[in-house]
Amino acid sequence: MASLDDAGLGRALEPVGRAEAERLTEQLREVIGEARRVAVALAQRVRAAHRAQVWVALGYSGWGEYAQAEFGVSRAQAYRLIDIAESAGVLERAIGAAGVLAVSPAGDTEPVAGVEGWGLSQRALREVHGRLDELGRTVTEQLTAAGKTGQLDGPAVREIVHRCVDELRRPLPTAGAPAGDRDVIGAMERALTDFQRDPSNTGAGRRLVDTMAEAGGCLGRIALELAPAYLSEQEASEAVLARYAEDIGCTVETVLAARRYALTGDRRALEGTWL
């Protein structure tokens with residue numbers, strides 16, 4: 001195997017044996033678990049500080065200025081942490097409402113470990129934030145139903161919670177778009193038919209362009225619901241829009257362009273998509 005460069009960055013890398021690989025993997029698993037627990041605890045404290053409006057007493061103009069000055073945390077990142085904490089809180093309450101108890105190896109019962117012990121990623125908790133009512137109801141219902149067959153241990157609860165979260169991370173189908181948005185799609189289809197009948201009809205051409213732009217606005221509004229305006233385009237793509245674009249058979253660049261159009265109202269944002 002080739003060694004690293006001659007700058008003294010390290011010796012040649014060789015694969016370790018199975019026992020060492022398993023040891024290193026377990027160490028990595030422990031560190032990742034601890035990082036997740038710390039991340040949730042941090043988010044909960046951020047939410048408490050935001051609710052208390054601590055920036056007022058400390059002389060800052062708002063949450064964004066406070067987070068940047070005190071912690072070097074951007075406003076977008078601070079709000080993401082709040083989203084994570086709120087999702088975690090809903091899951092905690094849902095489990096509590098189901099009255100779930102974990103069974104220890106000794107046969108004793110104790111409350112199931114908190115959300116920081118479930119192995120949920122920050123991304124997963126962010127992506128279900130827009131559907132918290134549904135999340136809480138689904139988790140409570142599924143845990144209650146499973147609990148009727150006997151006591152649940154920690155792994156069983158974890159599996160149910162993960163399944164509920166994974167289901168709700170999937171973007172809502174486009175068929176659920178508001179009636180006004182569905183009307184726009186119908187208008188675009190009619191305008192396309194008219195233009196195909198007579199391509200020389202400039203009026204039909206303008207109507208087609210207008211309705212295509214309106215369709216871009218519909219897509220942009222959905223994108224903003226999934227990824228609010230305070231997220232940068234990179235953050236929005238990583239959080240949910242890349243997955244959404246794949247689900248609807250579209251490029252993430254087109255979804256981001258529609259999101260820009262919904263934010264600005266400037267049709268030039270759609271250049272390079274279907275316009």
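Select Tyr 60, Tyr 66 and Phe 71: ring pairs link these residues into a cluster. Keep in mind during the tour that the model is predicted.

**The ring cluster**

How many aromatic pairs does the structure hold? It holds two. For one of them, show the side chains of Tyr 60 and Tyr 66. Their ring centres are 5.8 Å apart and the ring planes stand at 65 degrees, so this pair is edge-to-face; planes count that way when they are over 60 degrees apart.

Is Tyr 66 buried or exposed? With a relative accessibility of 8%, Tyr 66 counts as buried, because the cut-off for buried is under 20%. Phe 71 counts as exposed, at 54% relative accessibility.

**Helix H3**

Select residues 63-71, which make up helix H3. Which residues are buried here? They are Trp 63, Gly 64, Tyr 66 and Ala 67. Turn the view until you look down the axis of H3: the buried residues fall within an arc of 165 degrees, so they line one face of the helix. Then step just past the end of H3 to Gly 72, where phi is positive, at about 70 degrees.

**The whole chain**

Zoom out and switch to a cartoon view. The secondary structure comes to eleven helices and two strands. Read from the N terminus, the elements follow the order α-α-α-α-β-β-α-α-α-α-α-α-α.

Colour the residues by accessibility. The protein has 275 residues, and 37% of them are buried. For contacts with a separation of 6 or more, residues 24 or more positions apart account for 63%.

**Helix H7**

Select residues 154-169, helix H7, and draw a distance between its end C-alpha atoms. What span should the 16 residues of H7 have at 1.5 Å a residue? They should span 22 Å, and the end C-alpha atoms are 22 Å apart, which agrees.

Show the side chains of H7. The buried residues are Val 157, Ile 160, Val 161, His 162, Cys 164, Val 165, Leu 168 and Arg 169. The buried residues of H7 pack against helix H4 (75-98), helix H5 (122-127), helix H6 (132-147) and helix H10 (233-248).

**Leu 192 and Leu 208**

Move to helix H8, residues 179-197, where Leu 192 is found. At 37% relative accessibility, Leu 192 counts as partly exposed. Select Leu 208 as well and draw a distance between the C-alpha atoms. The two leucines, Leu 192 and Leu 208, are 16 residues apart in sequence and 5.9 Å apart in space.

**Salt bridges**

Side chains of opposite charge can pair when their charged atoms come close.

Begin in helix H1, residues 18-51. Here the side chains of Arg 18 and Glu 22 meet in a salt bridge, at 3.0 Å from N to O. Why are Arg 18 and Glu 22 separated by about one helical turn? Because Arg 18 and Glu 22 are four residues apart in H1. Arg 18 counts as exposed, with 68% relative accessibility, and Glu 22 counts as partly exposed, with 45%.

Stay in helix H1 and select Glu 20 and Arg 23, which lie three residues apart, about one turn of the helix. Their salt bridge has its closest N and O atoms 2.5 Å apart. Glu 20 is partly exposed, with a relative accessible area of 29%. Arg 23 is also partly exposed, with 39%.

For the last stop, select Asp 266 and Arg 268. How far apart are the closest N and O atoms of the salt bridge between Asp 266 and Arg 268? They are 2.6 Å apart. Asp 266 counts as partly exposed at 27% relative accessibility, whereas Arg 268 is exposed, with a relative accessible area of 59%.

Methods: Residues numbered from 1 in each chain as written. Predicted model: local features only at pLDDT ≥ 70, side-chain atom pairs only at ≥ 80, totals over all residues. Heavy atoms only, no water. Phe/Tyr/Trp six-rings, centres within 6.5 Å; stacked < 30°, edge-to-face > 60°. Buried < 20%, exposed > 50% of the residue type's maximum accessible area, 1.4 Å probe, protein only. Arc of directions from axis to C-beta. Contact = heavy atoms within 4.5 Å. Expected span 1.5 Å × (residues − 1). Salt bridge = Lys/Arg side-chain N within 4 Å of Asp/Glu carboxyl O.
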